[in-house]
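Trainee: I would like to learn how to read a protein model feature by feature. Could we go through one together?
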Amino acid sequence: MKKTYRCIFFLLTVLLLQTSFASHSTAQAPPEDVQRITVADLKARLDAGDDVVIIDVRIKGAYDNGHIQNAVSMPISDIATRHQELKNEPFVVFY
């Protein structure tokens with residue numbers, strides 16, 4: 001019985017790794033007008049009181065399990081249909 005569980009675990013692990021590698025290999029670089037910032041830069045902006053909107057692009061369950069304080073949940077699959085909600089925001093950070 002233990003051998004069966006180990007085999008199933010091994011197969012699931014291999015499938016997970018294949019899926020992970022496949023998603024990374026098809027990932028596109030961000031557009032040139034997208035600025036990348038460090039955590040330290042974000043913290044400095046927040047500490048300075050800058051108007052920053054933080055968007056958590058993970059699925060809702062992951063957001064519910066923990067997120068950056070005041071972050072807004074907008075799963076990456078929803079950005080194409082919800083991006084207009086952010087058009088008047090001066091600085092938006094996606095994570």
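This is a predicted model: local features need pLDDT of at least 70, side-chain atom pairs count only at pLDDT 80 or more; totals for chains, interfaces and linings use all residues.

Trainee: Let's begin with the layout. How many helices and strands are there in the chain?

Mentor: The chain holds 4 helices and 3 strands. Read from the N terminus, the elements come in the order α-α-β-α-β-α-β.

Trainee: What share of the residues counts as buried?

Mentor: Of the 95 residues, 16% are buried.

Trainee: How many bridges join β1 to β2, and how many join β1 to β3?

Mentor: Strand β1, residues 53-56, is joined to β2 by 2 bridges. Between β1 and β3 there are 3 bridges, again in the parallel sense.

Trainee: Which way do the side chains of β1 point?

Mentor: The general idea is that side chains in a regular strand alternate between the two faces of the sheet. In β1, Val53 and Ile55 point one way, while Ile54 and Asp56 point the other way. All four of these residues are buried.

Trainee: A charged residue is on that list. What does aspartate 56 form a salt bridge with?

Mentor: Its partner is arginine 58, and the closest N and O atoms are 2.7 Å apart. Aspartate 56 has 0% relative accessibility, so it counts as buried. Arginine 58, at 31%, counts as partly exposed.

Trainee: And serine 73, across from it: is that residue buried or exposed?

Mentor: Serine 73 is buried, with a relative accessible area of 15%. Leaving aside residues up to four places away in sequence, serine 73 touches Asp56, Lys60, Tyr63 and Arg82.

Trainee: Arg82 has come up there. Which residue forms a salt bridge with arginine 82?

Mentor: That is glutamate 85, with the closest N and O atoms 2.9 Å apart. Both ends are partly exposed: glutamate 85 has a relative accessible area of 48%, and arginine 82 has 23%.

Trainee: How many salt bridges are there by this rule?

Mentor: The count comes to 4. One of them links aspartate 47 to lysine 43, where the closest N and O atoms are 2.7 Å apart.

Trainee: Why are aspartate 47 and lysine 43 separated by about one helical turn?

Mentor: They are 4 residues apart in helix α2, residues 39-47, so about one helical turn lies between them. Aspartate 47 is exposed at 56%, while lysine 43 is partly exposed at 49%.

Trainee: What about aromatic rings?

Mentor: A pair of aromatic rings is described by the distance of the centres and the angle of the planes. Here, a search of the whole structure finds 0 aromatic pairs. A ring can also have a charge over it, though: the charged end of arginine 45 sits over the ring of phenylalanine 91, 3.7 Å from its centre.

Trainee: Let's finish with the loops. Where is asparagine 70, and is it buried or exposed?

Mentor: Asparagine 70 is in the loop between α3, residues 60-65, and β2. At 65% relative accessibility, asparagine 70 is exposed. Look at its backbone too: phi is near 70 degrees, a positive value in a residue other than glycine.

Trainee: And which loop holds aspartate 78?

Mentor: Aspartate 78 lies in the loop between β2 and α4, residues 79-82. Aspartate 78 is partly exposed, at 26% relative accessibility. From C-alpha to C-alpha, aspartate 78 and isoleucine 59 are 9.8 Å apart in space, and they are 19 residues apart in sequence.

Conventions
Residues are numbered from 1 along each chain as its sequence is written. Side-chain values use heavy atoms; hydrogens and water are left out. Rings of Phe, Tyr and Trp (its six-membered ring) pair if their centres lie within 6.5 Å; planes under 30 degrees apart count as stacked, over 60 as edge-to-face and the rest as tilted. A charge sits over a ring if NZ of Lys or CZ of Arg is within 6 Å of the ring centre and within 35 degrees of the ring normal. Buried means under 20% relative accessible area, exposed over 50%, partly exposed in between (1.4 Å probe, protein chains only). A salt bridge is a side-chain nitrogen of Lys or Arg within 4 Å of a carboxyl oxygen of Asp or Glu. Two strands pair if DSSP finds at least two bridges between them. Contact means heavy atoms within 4.5 Å.
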